[in-house]
Every structure is written in C-alpha cells, then in structure tokens.
Amino acid sequence: MAKDKKTPSDVSKMIKDREVKLVDFKFTDLPGTWQHFTTTLTEYNEDIFTDGLGFDGSSIRGWKVINASDMLVIPDPATAWIDIFNAEPTLSLICTIVDPITREPYDRDPRGLAEKAEAYLKSTGIADTAFFGPEAEFFIFDDVRFSYGANSSFHCLESGEGHWNSAREEFPNLGYKIRAKEGYFPVAPADTLQDIRNEMCLELEKAGVPIEKQHHEVATAGQAEIDIRFAPLKEMADHMQYYKYIVRNVAKRHNKTVTFMPKPLFADNGSGMHTHISLWKSDKPLFAGNGYAGLSDTALFFVGGILKHAPALTCFTNPTTNSYKRLVPGFEAPVNLAYSARNRSAAIRIPTYSASPKSKRIEFRTPDSAANPYLAFAALLLAGLDGIQSRIDPGDPLDKNLYDLPPEELANVPSVPDSLSGAIAALEKDHDFLLKGDVFNSDFITNWLEMKQKEYDALRLRPHPYEFSMYYDV
C-alpha cells in the first residue's frame with residue numbers, strides 16, 4: 001500500500017514484530033463489497049503469496065455456480081496492514097482470485113480485472129501508469145432504520161446536525177443545526193464531526209493510505225469528504241476498499257453509522273466521487289500541453305473517449321438505482337456531457353490549481369461512491385484509451401454555467417442516462433471498447449447487465465411510499 005512495497009519476508013517480519021496471531025484474507029465481490037475469511041498462523045507461510053489458499057466461491061455475489069466453485073485467493077504482500085478493528089492482533093491482506101486448475105485470473109474478480117487493465121495500458125505503448133484520485137463523499141448518521149414488507153415500508157435517518165431537529169427537545173437543544181445545502185466548511189460547534197473525521201484520516205494513514213484533506217460537505221446531517229492522494233489504478237482501488245472499511249468502523253467506534261449511498265436525503269446534496277485521472281510514461285506526465293486549459297492532444301482525446309462512452313460508463317460509475325436520484329439535471333450533480341476549465345457544472349472539469357505539468361489532469365465528476373472502484377477505474381481508463389486510439393474529438397469546451405443555459409441551448413448538450421435502466425441500455429449498445437485487451441469480456445458484461453437489471457426490476461416492482469401521497473385518491 002505504501003510506496004516502499006512490502007515483500008513476503010517483510011510480512012513475516014511484521015507478523016513477528018507485532019505478535020500477530022491471526023491472518024485475515026480480504027477480497028472484493030462483484031458489487032464492490034469486501035468479503036473475508038481468517039486463519040490462525042498454522043496456515044501461514046510465505047508460499048501462500050504464490051500458491052494461494054483455497055476457498056468456496058459459490059455464494060459470492062455474481063461469481064461461480066456451485067458446481068464450479070473452488071477458487072484460490074492470492075494475497076498481495078504490499079497490502080499488509082494490522083487490522084485495528086480486531087480484538088486479537090490480526091494481519092490483513094488484500095487478495096486476487098485465480099482458478100485452481102488453470103491458475104488463470106478469475107475473470108469476475110474485480111481486482112484481477114484492474115490488473116488486466118493496467119497490463120493492457122502498458123501493452124498499448126501509450127503510457128505505463130494511470131493515476132486516479134477519487135474524492136469520495138459519504139454521510140455519518142446517528143441512527144438508521146428501514147423496512148419493506150408486502151403492505152408497508154419506511155426509512156428513517158437521524159443526525160444531531162440535521163436541520164429538521166431544530167425543534168427537537170435535546171435538554172438543551174443548542175440550535176447549531178446545519179441548514180440544507182449549507183454544510184460546506186462550517187467550523188464547530190455546527191460541525192460536530194471534526195474529531196471523528198480526523199480519527200478516520202489518521203487510521204487511514206496507518207494503513208498506508210496518504211491523506212490530502214478532510215472536511216464537512218455541503219449537505220446537512222453529517223455529509224463528509226476525505227480526499228486521499230492519487231495512486232496507480234489498482235493501488236487506488238485497494239485504497240478505496242480500505243477507505244470504506246476504516247471509515248465505517250471508526251464511525252462504529254463512536255456508535256455512529258456511515259453510508260456511501262449516493263442520495264440518502266431528499267432535497268439536499270447527494271454523495272459523489274469526483275475522479276481525477278492522468279496518464280504518465282517513463283515518469284513524465286502526458287496530459288500537459290499547449291491546448292485548451294493547458295492540455296495535450298493526448299488528454300483531449302482521452303476526454304473525447306470518456307464523453308463518447310459516458311452513458312455506458314455510468315453502469316459502472318453510477319451502478320445503483322439510487323445513483324440516478326443524484327444525477328438530476330439542474331441540481332448539483334454534473335449530468336451534462338461537456339468539458340471545461342474550472343467549471344464545476346460540466347461532467348469533466350480541468351482543474352487549474354497549479355501550472356505544474358505534473359498536476360495536469362482531468363476530473364470526471366459524474367461517478368458516485370457506490371461504484372466498485374476496480375471496475376469503475378478500469379472502465380474509465382479503457383474509455384479514455386479508446387479516445388486516444390481513435391483520436392476522438394471532444395468538441396468545443398463549454399465555459400458557461402450549464403445550470404443557467406436557456407432550454408434551447410441546453411438541448412444541444414448531451415447528458416448521462418436518468419435511470420439505471422438507461423445506463424443498462426447504453427452499456428448493452430456500447431461496450432466493445434471494454435473488450436480490448438480482454439480486460440472485460442462478453443461473459444462479464446452479460447453477467448453485469450443481468451445483475452443490474454435484477455436490481456432495477458426489484459425497485460420497479462415495488463410501490464413507493466410517495467406514490468400513496470400522489471395517487472391514493474385517484
């Protein structure tokens with residue numbers, strides 16, 4: 001995880017020095033959630049880093065059927081970390097998955113897919129490293145309850161910061177509640193979560209995830225953002241998995257709960273994952289040049305690829321039905337497929353904080369934090385590479401505030417789908433760019449589309465509580 005990559009012998013020394021008693025093997029299912037199993041030290045030796053350990057993958061979401069379920073985890077020594085959320089000293093390792101017979105990477109393992117994306121990048125000769133820097137937002141709530149039955153449904157989220165609690169009896173209620181859409185950068189006592197976010201940052205850095213900054217986000221009720229320093233594709237996806245795990249468990253220490261759900265609150269900002277991307281070759285940045293906003297032709301073609309494939313990309317970068325309650329035209333989320341320097345209303349922004357060529361990058365603002373980072377980053381890389389290989393012109397930049405454009409002008413600006421169903425349809429029509437280098441394959445795409453269709457249908461088939469308010473008396 002850190003720049004000084006650990007070797008198997010480093011891990012063995014770590015086990016001895018830290019008096020480790022248990023080893024935890026973590027891997028990622030298809031939707032993006034960590035799974036794990038734990039062994040005592042009787043199962044540990046340095047051969048596991050090449051030979052792996054067997055397990056049954058039949059019950060992992062989106063994976064093998066039960067008659068072909070034997071798999072191997074191959075732990076990565078570079079990801080070794082003492083898992084502070086275990087009572088006994090426990091070493092944590094992130095793993096990739098291989099077939100025990102062929103020893104080939106399992107094609108539905110998200111981390112293995114990210115490795116293939118990095119290998120494909122190098123094979124093109126265009127670049128040797130793709131750096132990613134996501135800005136993941138989330139909510140820290142005090143309480144969450146929800147239920148759905150045949151005849152009833154409800155959800156209830158609670159936060160001491162929530163503006164709806166201004167009249168609640170708190171003995172005493174001090175009145176420092178954050179108004180809707182006014183949560184950006186307040187200090188204490190309005191911001192009640194500074195110490196928790198600081199603790200999250202320090203624990204992340206102990207795990208080898210370098211932090212840039214943390215702050216309260218725009219929404220009321222505990223919306224937060226912790227920015228982590230950019231890293232190569234697979235390493236950054238590993239960082240994001242540790243990020244979610246550590247953030248959730250630090251919150252639990254304080255009897256609070258974290259959600260990366262994109263739109264948990266009505267009439268306030270949702271949680272995005274603005275994603276910064278740049279390509280490098282031989283330690284030289286490829287996105288700096290003499291074009292618009294200091295971009296190179298390579299960068300502009302990369303932008304062209306993302307804009308062209310953005311509707312299909314949303315099936316990976318915005319993969320839930322809830323994602324599209326954030327992606328609503330005229331609100332805070334960037335749905336308009338345009339690019340611009342500094343303009344945060346465009347889907348792609350060109351940051352201008354620094355004139356250094358090393359800082360030149362693009363920022364794709366559409367993704368949200370529910371995305372599986374291995375899949376989302378790999379898909380974004382492949383879309384951008386297709387733009388470079390096909391020399392896709394991104395068109396003219398749009399430096400106007402897109403939220404203030406007259407309807408006739410806005411009608412000429414394409415946008416992302418407005419539902420998961422639309423994203424599914426877009427991916428069905430446009431996925432050849434994902435098949436290059438066998439990074440994704442047809443079986444993976446078919447399986448993913450089937451999973452997403454089931455999610456969409458699960459919501460579509462159920463009556464929504466607000467429909468009773470709208471239609472009960474028709």
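In the predicted model, the bridge partner of Phe25 in strand β2 is Phe37. This pair belongs to an antiparallel arrangement in which strand β1 (residues 22–28) and strand β2 (residues 34–40) are joined by 7 bridges. The two strands form a hairpin with 5 residues between them. Within the turn, Gly32 has a positive phi of about 120°.

Further backbone features were found in loops. Most residues other than glycine have a negative phi, and most peptide bonds are trans. Ala267, although not a glycine, has a positive phi of about 65°. This residue lies in the loop between β13 (257–259) and β14 (273–281). A cis peptide bond joins Phe171 and Pro172, with omega about 0°, and the bond from Ala188 to Pro189 is likewise cis, with omega near 10°. Pro172 is located in the loop between β9 (153–158) and α4 (194–206), and Pro189 is also found in the loop between β9 and α4.

The packing of helices was examined next. Two packed helices are described by the angle between their axes and the distance between the axes. Helix α8 (residues 373–389) takes part in a contact with α6 (297–317). The axes of α6 and α8 come within 6 Å and cross at roughly 140°. Because angles over 145 degrees are needed for a roughly antiparallel pair, α6 is classed as oblique to α8. The crossing of α6 past α8 is right-handed. On the side of α6, the contact involves Thr298, Phe301, Phe302, Gly305, Ile306, His309, Leu313, Phe316 and Thr317. Residues contributed by α8 include Leu375, Ala376, Ala379, Leu380 and Leu381. By class, the contact comprises 13 nonpolar, 6 polar and 1 charged residues.

Helix α8 also packs with helix α3 (residues 110–124), at an angle of about 20° and with the axes 9 Å apart. This angle makes α3 roughly parallel to α8, and the crossing is left-handed. From α3, the contact is made by Pro110, Arg111, Leu113, Ala114, Ala117, Tyr120, Leu121 and Thr124. From α8, Tyr374, Leu375, Ala378, Leu381, Leu382, Leu385 and Gln389 take part. These residues divide into 12 nonpolar, 2 polar and 1 charged.

Helix α10 passes α11 in a left-handed crossing. The contact is built from Leu420, Ser421, Ile424, Leu427 and Glu428 of α10, together with Trp448, Leu449, Lys452, Gln453, Glu455 and Tyr456 of α11. It has 6 nonpolar, 2 polar and 3 charged residues.

Two residues of this contact, Leu420 and Glu455, are also touched by Thr320. Thr320 is placed in the loop between α6 and α7 (323–326). With residues up to four places away in sequence left out, Thr320 touches Pro262 and Ala370 as well as Leu420 and Glu455.

Key:
Residues are numbered from 1 along each chain as its sequence is written. This is a predicted model: local features need pLDDT of at least 70, side-chain atom pairs count only at pLDDT 80 or more; totals for chains, interfaces and linings use all residues. Side-chain values use heavy atoms; hydrogens and water are left out. A crossing is left-handed if the near helix is turned anticlockwise from the far one by less than a right angle, and right-handed if clockwise. Helices (H or I, at least four residues) and strands (E, at least two) are DSSP runs, numbered from the N terminus. Contact means heavy atoms within 4.5 Å. Ala, Val, Leu, Ile, Met, Phe, Trp, Tyr, Cys and Pro count as nonpolar, Asp, Glu, Lys and Arg as charged, and the others, Gly among them, as polar. Axes are lines fitted to C-alpha atoms, for helices over the stretch in contact, and angles run from 0 to 180 degrees between N-to-C directions. Angles under 35 degrees count as roughly parallel, over 145 as roughly antiparallel, 65 to 115 as roughly perpendicular and the rest as oblique. Two strands pair if DSSP finds at least two bridges between them.
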